[in-house]
Amino acid sequence: MKQAPAYCATCGKLLVRLKPTGRIPRYCLHSNACKQKAYRRRLKAKHTAKLQSDRLGHLSQESFEWYTPKKYIDAARKVLGAIELDPASSEQANRIVQATTFYDQTIDGLTKTWNAKTVFLNPPYCKAGNTSNQDRWTAKLLREYKRGNVKEAILLITNATETIWFHRLMQFPMCFVKGRIQFTTPTGKKGGATKGSIFVYLGKQPEKFYQIFRRFGVVK
């Protein structure tokens, strides 16, 4: 038989049952105050969860069109010099990145060979089927770098330290950005990342990367 709880779920006072049988109470029976407080608490939690879900969904749906703020691009350019290729971009985003060559959604950069001395990559953060796009794009960058097609690159990723794809990158210098980056949309709307962000450097100038990016956060 299910035992009656000893204390009120709201105020913590010892429960007193009016009858020895019947429904087991969860709150004080002498007043509705505890029950009302619990109800309001549930409504608030439900509302907060919905707001968070809507925000995450909104960011996910527009994840192909969230642009990196100019100050980070300027820093990347100071490290790399001219950016020869941005393989996951758009015409509007490239006004800031100013890559010699860029691939947009009509040109699948994952199918191309990245013959470029320098690359800046901010991959889309949504999923392709059940696979994270960050997984797919970071794996592509690593292949091109190891083959010697890409000589130097700066990669912007989310702080997903629990993932396998993130662990593949831990051999490289990283800047853990303090706070959350305020990305922008084609309409100029700003939206904060739902997680922290990290810049990863691939190349032979780690000290230069450290000197320039340390103002944004901890570089290891």
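## Reading contacts and helix packing in a predicted model

Tutor: Setting aside residues up to four places away in sequence, Phe213 is in contact with Tyr72, Ala75, Ala76, Val79, Ile154, Cys175, Phe199 and Val219, where contact means heavy atoms within 4.5 Å. This is a predicted model, in which local features need pLDDT of at least 70 and side-chain atom pairs count only at pLDDT 80 or more, whereas totals for chains, interfaces and linings use all residues. Residues are numbered from 1 along each chain as its sequence is written, and side-chain values use heavy atoms, with hydrogens and water left out.

Student: Where does Phe213 lie, and is Phe213 buried or exposed?

Tutor: Burial is read from relative accessible area: under 20% is buried, over 50% is exposed, and values in between are partly exposed (1.4 Å probe, protein chains only). Phe213 lies in helix H6 and is buried, because its relative accessible area is 0%. The C-alpha atoms of Phe213 and Tyr72 are separated by 8.5 Å, although the two residues are 141 residues apart along the chain.

Student: How should I read the packing of helix H2 with helix H6?

Tutor: Two packed helices are described by the angle between their axes and the distance between the axes. The axes are lines fitted to C-alpha atoms, for helices over the stretch in contact, and the angles run from 0 to 180 degrees between N-to-C directions. Here H2 (residues 70–80) and H6 (residues 206–213) pack at about 150°, with axes 9 Å apart. Angles under 35 degrees count as roughly parallel, over 145 as roughly antiparallel, 65 to 115 as roughly perpendicular and the rest as oblique, and H2 and H6 are therefore roughly antiparallel.

Student: Which residues of H2 and H6 meet?

Tutor: From H2, Tyr72, Ala75, Ala76, Lys78 and Val79 meet Lys208, Phe209, Ile212 and Phe213 of H6. By class, this contact of H2 with H6 has seven nonpolar, no polar and two charged residues; Ala, Val, Leu, Ile, Met, Phe, Trp, Tyr, Cys and Pro count as nonpolar, Asp, Glu, Lys and Arg as charged, and the others, Gly among them, as polar.

Student: What is in contact with Pro173?

Tutor: Pro173 is found in the loop between helix H5 (164–168) and strand S7 (174–177), and it counts as partly exposed because its relative accessibility is 21%. Beyond its neighbours within four places in sequence, Pro173 is in contact with Phe199, Val200, Tyr201, Pro206, Phe209 and Lys220.

Student: Which side chain makes a polar contact with that of Ser89, and which with that of Asn149?

Tutor: A polar contact is a pair of N or O atoms within 3.5 Å; within protein, one must be able to donate a hydrogen and the other to accept it, and residues adjacent in sequence count only if both atoms are side-chain atoms. Ser89, in the loop between strand S1 (85–86) and helix H3 (94–97), makes such a contact with the side chain of Asp86 at 3.5 Å. Asn149, in the loop between helix H4 (133–146) and strand S6 (150–158), is joined to Glu144 by a side-chain polar contact of 2.7 Å.

Student: How many helices and strands does the protein chain have?

Tutor: Helices (H or I, at least four residues) and strands (E, at least two) are DSSP runs, numbered from the N terminus, and the protein chain has six helices and 11 strands. Buried residues make up 40% of its 220 residues.
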